[in-house]
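Here is a walk through a protein assembly. Keep the view open as you read, and follow along chain by chain.

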Amino acid sequence: MGAFDSLWLIPILPLIGATVNGVFGKRLPKNVIGTLAAGSVGLSFLISLRAFVAMLALPQTGLPILRDYFTWIQAGTFQAQFGLMLDQLSGLMILIVTGVGFLIHIYSIGYMSHEEGFYRYFSYLNLFVFFMLTLVLANNYLLMFVGWEGVGLCSYLLIGFWFSKKSAADAGKKAFVVNRVGDFGFILAIMLIYRTFERVDFQSVFSRVEDVSLFPVEPLGTVGVLTTICLLLFVGAAGKSAQFPLYVWLPDAMEGPTPVSALIHAATMVTAGVYMVARSAALYNHAPGALFVVAVVGVFTAIYAASIGLVQTDIKKVLAYSTVSQLGYMFLGCGAGVYAAGVFHLMTHAFFKALLFLGAGSVIHGMGGIQDIRQMGGLRRHMPWTYRTFLVGTLAIAGIPGLAGFFSKDAVLEAAWSHAAYGKLLWAVGVIAAGFTSFYMFRLLILTFYGAPRYSEHDVHHVHESPSSMVVPLIILAIFSIVAGYIDIPHFLTPASLETEREAVSSSTGILLTAASTTVALLGFALAYLFYVARPGLPDRLAARAHAMYSILVNKYYVDELYDAIIVWPIVQTSRELLWKVVDTLMIDGAVNAVGRLVRGSASGLKHMQSGYVRTYAGWILFGGVLVVAWFLR
Amino acid sequence: MIQILFFFFAAIAVGAALNVLVQKHVLYSALSLILMLTAVSVLFILLQADFLAVINVIVYAGAIMVLFVFVIMLLNLPEDEDGADRLRWLKFIGIPLGLFFLVLVVTTLWNLEANPGTQPQLVGSPAAIGQSLFTDFVLPFEVTSLLILIALMGAVVFAKRDL
Amino acid sequence: MLEKWAPVLIFFILVVGFGVVSLIGSYIFGVKKPDPRKLSPYECGVQPIGTARERFSVKFYLVAMLFLLFDIEAIFLFPWAVVYRQLKLFGFFEMLLFIAAILAGYIYVWKKGALEWER
Amino acid sequence: MIPIGWYLILSAILFLIGVLGFFIKRNIIALLLSVEIMLNAVNLTFVAFSLQHGKISGQIFVFFVLVVAAAEAAVGLALVIAMFRNRESLNVDRSNLLKW
Amino acid sequence: MIEYVTGSEFIVLMIKIFVIFGGVMGALAYLSWLERKLMARVQMRPGPTRVGPFGLLQPIADGLKFLFKEDVIPTHSNRFLYIAAPIVSLVPALLSFSVIPFGPSLQITDLSVGLLFIFAVTSLGIYGIALGGWASNSKYPLMGAIRSSAQMISYELSLTLSVVGVLMIANTLSLAELVTAQQSTWLGIIPRWNIFLQPVAFVVYLVSAVAETNRLPFDLAESEQELVAGWHTEYSSMKFAMFMLAEYANVVTVSSLATIMFFGGWTGPMFGPALLQMALPTVWFLLKVSIFIFFYVLMRATVPRFRYDQLMRFGWKVLLPLSLANIVVTSFVVAIS
């Protein structure tokens with residue numbers, strides 16, 4: 001069997017794991033469940049690796065590798081295959097998904113070992129991996145949408161994993177509802193794509209976009225229709241990848257177990273939007289307006305979320321806003337037309353953000369559930385390995401030279417700089433956001449691991465290092481966080497038609513840009529050192545001085561409250577006052593009751609037909625039969 | 001000649017069927033029914049359906065009616081049906097209705113002026129039936145096996161006391 | 001077609017005639033000395049006790065029922081066997097499926113103990 | 001040759017006898033026998049039409065009717081036995097609990 | 001019709017019918033003699049010797065005796081069924097002979113569904129037994145009738161299924177074609193008989209056939225020590241004779257079927273003058289059948305009787321799965337070859 005013939009195994013293996021665990025998990029011992037779950041993903045990783053390596057050996061013309069398995073939907077001229085597609089982009093993605101996913105599965109075995117719903121957790125997690133792989137490997141938009149919805153479902157299930165906790169259940173619902181907004185955009189985009197190109201598979205769509213004469217342009221015009229498609233796609237991407245203004249669900253999603261945050265809300269699912277934009281590069285390249293919107297939203301989200309991250313005190317919330325911010329970077333890279341930079345950042349981010357989340361999980365595990373960094377401090381001594389790996393992650397995300405984040409962030413900023421119209425502005429905002437990032441990450445690091453312990457021994461009995469099943473994945477991810485930057489992803493990805501033509505940034509400018517971003521990163525570090533090590537009183541005084549600014553940041557720009565007031569409250573009020581009291585109680589219930597009364601009334605008359613005697617029933621049948629025959633023979 | 005045969009066996013069939021209703025003891029009814037379906041089988045032969053005629057005897061007379069006779073002999077019923085018929089009015093509705101139906105059908109068929117004779121070319125040989133049954137009717141055939149399976153289980157469940 | 005069946009009819013009449021004639025002959029030639037003892041049901045010489053119309057075990061019904069259902073299967077097998085060479089492997093598998101379903105019923109009946117006569 | 005109408009009329013008569021059996025008889029086994037009469041009548045029409053139209057499928061239907069008749073007899077008589085066990089009677093009019 | 005009746009074809013047919021009917025009746029009568037004689041030999045007795053040389057006129061004497069015996073009809077019996085039962089038993093048993101090919105042309109009629117016709121009419125024979133037992137209104141006959149009919153239908157199943165394997169090879173239900181299909185030889189010596197292709201089916205058929213005819217070791221219905229004489233305990237004179245005749249007829253029928261299906265029917269070596277060649281096939285056929293009958297009688301004389309539960313278990317749990325397995329295996333082999 002060739003390396004590509006087993007392509008279907010990649011998504012199916014986790015599905016098998018999910019099914020077995022979901023159906024029989026209750027009766028299986030925990031080590032079997034864990035082995036099964038991690039093993040299926042691990043196996044899937046190995047197959048992915050083999051396919052990836054085999055793909056590297058192929059000439060460029062041999063790509064993408066397409067496999068159609070069966071016709072999934074056939075309705076009139078509409079046809080959607082269940083087919084998989086492997087090229088550089090999806091190959092990279094499946095490696096990230098299965099690789100990081102595998103490590104997080106391993107980590108979860110230790111982290112979730114005392115949980116009641118152990119099997120349920122792993123079943124969901126495997127199911128998630130299945131849907132994510134479907135999303136990534138799909139060869140058409142519709143199948144991609146299946147994966148898209150599937151990961152949304154798993155995200156909902158996992159965020160609400162502790163469903164008996166109201167906040168967790170609410171967060172799950174919120175994630176679901178907000179995602180629906182984005183999905184709606186995606187659905188509309190698919191419809192418009194089908195209406196325009198009469199196909200939904202990537203190959204046909206992308207080849208037809210080149211030939212403008214083929215598709216009907218009324219009433220929007222060539223550029224108009226493509227821009228609309230791209231904007232609608234981006235609405236979907238923004239929902240899934242937590243871009244402004246649809247980011248609100250992600251910080252709340254931290255209610256789920258920490259490995260879930262690492263896997264879904266940092267490394268894989270949230271990057272689906274970026275992947276989708278990069279996958280649709282051929283469309284975006286013909287819609288510069290939409291591309292610019294992507295860049296602007298991306299960079300705005302980057303700095304916006306980073307600024308909120310500055311003042312958060314929950315260790316996971318900081319990381320959550322950091323994630324939103326980094327996703328903004330990725331969109332900035334894509335929006336600037338250098339999709340490879342965005343995907344590059346996606347990859348490095350997957351490593352170091354998974355690392356940071358898992359590190360945070362390790363801290364929370366060790367602290368017995370405390371998440372507030374104001375109650376931590378000095379954990380360096382108790383959790384040496386967590387500390388070391390966390391440090392690597394921090395350095396990587398802050399963009400300190402030599403680590404993965406440096407290279408990818410540099411690539412993104414360089415892409416922004418090279419943007420034709422507003423390159424300098426985009427770059428400047430991006431750099432400031434990078435400074436913010438550096439600041440809050442070092443703040444987090446210092447408050448957590450340095451200084452004197454601020455927790456009382458009364459609350460926390462025994463701060464301890466996590467078990468090896470949790471530490472080993474941390475170390476592996478740390479290694480990747482260092483070395484991943486040296487892989488020349490942009491160069492590797494460019495053949496996959498991910499590039500717009502642009503003038504390259506000259507090498508001298510490049511060095512300058514790198515220097516600037518490095519300086520800003522170091523500046524962030526210095527500021528954090530000043531605030532939390534050298535002059536610990538300074539933050540409070542600063543907060544008191546700029547009280548208005550501070551409270552805006554602490555309250556996340558009051559966006560949640562705004563949504564509440566504009567969207568949630570009116571809907572709730574309309575539902576309660578109009579729909580419930582008038583439509584439901586009066587009209588629907590009234591109608592149903594009336595029908596019920598009618599039926600009961602007529603039945604009490606007709607029930608005497610039901611005499612219980614078989615022969616009278618036969619009499620009725622004969623009566624009806626004769627009527628029918630008489631009707632036909634009349 | 002063939003008309004004589006037709007009327008002879010048709011008369012036997014009708015007479016036997018009527019006898020099923022007339023007989024007081026149900027065992028005699030069952031035996032009369034066997035006679036009726038044997039006559040129907042002969043009519044099948046007149047209709048060139050040899051295979052079905054034989055199958056009809058094997059399945060009906062050889063198996064289904066054996067089952068009936070067994071049950072009748074096992075339960076050993078009293079001859080008369082006990083009690084007055086509380087649903088006697090049913091006869092007064094059912095019989096006229098049935099006769100009306102019969103009149104309807106017969107008049108329709110009788111008035112069918114262009115009433116073509118049966119065509120002799122089709123022969124219901126086992127091979128022809130098998131060919132059709134196992135190619136065009138594969139699905140019903142397989143579903144049949146499920147029907148038999150369910151009937152088997154149902155009958156065992158109902159009949160066996162100590163399950 | 002019917003020429004094939006006409007001899008059967010003739011033979012049938014002959015056989016029935018033979019039976020009826022010999023019964024009549026026996027009725028005519030046979031001795032007739034009826035006596036109540038002779039006409040009472042045979043019970044090894046003693047007076048008959050109770051009625052002969054007893055109820056039987058339901059097992060006999062079960063056997064007849066099983067026979068009926070398996071007989072139906074056999075009926076399907078005959079036309080199948082006759083055209084088997086034309087059906088090839090397809091015929092094999094469709095009948096395998098059919099037999100498998102019947103076999104499932106057979107195993108069910110066996111497990112339910114309907115084939116046990118010891119108890 | 002015999003016109004097909006004759007067969008159909010014969011079949012209608014037999015069917016009617018079966019139907020009437022359902023109204024006249026009260027023994028549940030007799031009712032089942034009446035059903036068998038009706039099934040046979042229907043089989044006769046199937047075979048007659050099969051010859052009339054020169055299509056074998058009519059005879060195939062008879063095959064399936066036979067299977068249904070067999071299943072009906074097996075389950076129906078099992079029910080009869082179960083009923084007899086409970087009531088010591090086969091009078092259908094005594095089993096009239098299934099009403100409003 | 002007139003043309004048909006006066007045609008030469010019809011006359012030939014009538015001759016055939018009378019030859020076969022007469023031959024069969026004579027053979028059945030002498031079968032009783034053969035059985036008695038053989039049984040006696042096995043038990044070191046001479047058997048019938050008084051009437052004619054070697055007791056050869058014994059069957060005729062028996063027949064006359066049956067005719068003149070008193071015909072006892074028990075008081076509480078269902079008179080009509082009591083009288084009808086022997087005819088119901090005898091007619092199907094004899095009707096089978098209308099399709100059996102005793103020779104290439106010595107066959108009353110060759111139906112395209114001949115084999116199934118035999119199964120159909122023999123399956124009617126069960127009513128004779130069931131009704132005879134029931135109509136007697138006596139305990140032993142009823143018991144014997146129920147037992148016997150349950151046994152018959154149980155083994156009828158395996159009997160029917162065992163034949164399917166042969167049909168898969170021959171692909172016909174016509175008995176004459178079944179015989180001609182076995183006419184050739186392998187390597188010029190070994191006859192192409194189905195016994196070599198379907199040994200399992202043959203064994204199943206043979207056992208089922210013995211049980212089907214209620215013969216030892218399967219004669220539970222009339223096991224003398226328990227049920228006096230089974231379903232025909234109350235029967236006497238000609239009615240009893242008809243039951244006996246039916247039983248022997250069934251023995252001959254199943255033996256003939258075994259010969260036709262597994263041993264090539266009337267095929268055999270041909271030699272001699274034309275007249276002899278005409279008679280030879282029938283001779284071969286009768287020879288093969290008589291070997292079977294010989295075997296039957298020997299079985300009766302040597303093998304002990306089954307117990308009823310053993311009998312039913314054997315039929316349902318051994319023969320039925322065996323015949324099903326035979327069908328599956330045969331069909332698989334035929335399908336791949």
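Start where two chains meet. Chain E and chain C bury about 6,700 Å² between them, and carbon and sulfur atoms give 76% of that area. In chain E, three residues lose the most area to chain C: E:Lys139, E:Trp316 and E:Lys317. Together they account for 11% of what that side buries. Bear in mind that this is a predicted model.

Why quote an area here? The size of an interface is often given as the accessible area lost when the parts come together.

Now count residues. Chain E brings 81 residues to the contact, and chain C brings 66. How many salt bridges link chain E and chain C? The count is zero. Polar contacts do turn up: five residue pairs cross the interface of chain E and chain C, with both residues at pLDDT 80 or more.

Which elements of chain E give two or more residues to the side that touches chain C? They are helices α2 (8-42), α3 (58-68), α4, α5 (114-135), α6 (139-170), α11 (237-262) and α13 (308-336) of chain E. The largest share comes from α6(E), with 18 residues. Sort this side of chain E by class and you get 56 nonpolar, 13 polar and twelve charged residues.

Next, zoom in on one residue. E:Leu94 sits in helix α4 of chain E, which covers residues 79-95. Is E:Leu94 buried or exposed? E:Leu94 counts as buried because its relative accessibility is 1%, and the cut-off for buried is under 20%. Look at what surrounds this residue. Leaving aside neighbours within four places in sequence, E:Leu94 is in contact with C:Phe11 and C:Val15 of chain C, and with E:Phe21, E:Val24, E:Met25, E:Leu28 and E:Ala249 of its own chain. Take E:Met25 from that list. E:Leu94 and E:Met25 are 69 residues apart in sequence, yet their C-alpha atoms are 9.2 Å apart in space.

Move on to another pair, chain D and chain B. Here 71 residues of chain D are in contact with 82 residues of chain B. The area buried between chain D and chain B is about 7,300 Å², and carbon and sulfur atoms supply 78% of it. Salt bridges between chain D and chain B number zero. Three residue pairs are in polar contact between chain D and chain B, both residues being at pLDDT 80 or more.

On the chain D side, the elements that give two or more residues are α1 (4-24), α2 (28-53) and α3 (57-87) of chain D. Which of them gives the largest share? That is α3(D), with 24 residues. By class, this side of chain D has 51 nonpolar, 13 polar and seven charged residues.

Stay with chain B for a moment. B:Ser41 lies in helix α2 of chain B, residues 26-46. B:Ser41 has a relative accessible area of 3%, so this serine is buried. Not counting residues up to four places away in sequence, B:Ser41 touches B:Ala53, B:Asn56 and B:Val57.

Finish with chain A as a whole. Its secondary structure comes to 25 helices and two strands. Chain A has 634 residues, and 54% of them are buried. Now consider the contacts in chain A between residues at least 6 apart in sequence: 80% of these join residues at least 24 apart. The accessible surface of chain A is about 25,900 Å², with 69% of it belonging to carbon and sulfur atoms.

Technical notes
Residues are numbered from 1 along each chain as its sequence is written. Chains are lettered from A and ligands numbered from 1 in the order in which they are written. This is a predicted model: local features need pLDDT of at least 70, side-chain atom pairs count only at pLDDT 80 or more; totals for chains, interfaces and linings use all residues. Side-chain values use heavy atoms; hydrogens and water are left out. Helices (H or I, at least four residues) and strands (E, at least two) are DSSP runs, numbered from the N terminus. Buried means under 20% relative accessible area, exposed over 50%, partly exposed in between (1.4 Å probe, protein chains only). Contact means heavy atoms within 4.5 Å. Accessible areas come from the Shrake-Rupley method with a 1.4 Å probe; for residues, only the protein chains shown count as cover. Buried area is the accessible area (1.4 Å probe) that two parts lose on being put together, summed over both. A salt bridge is a side-chain nitrogen of Lys or Arg within 4 Å of a carboxyl oxygen of Asp or Glu. A polar contact is a pair of N or O atoms within 3.5 Å; within protein, one must be able to donate a hydrogen and the other to accept it, and residues adjacent in sequence count only if both atoms are side-chain atoms. Ala, Val, Leu, Ile, Met, Phe, Trp, Tyr, Cys and Pro count as nonpolar, Asp, Glu, Lys and Arg as charged, and the others, Gly among them, as polar.
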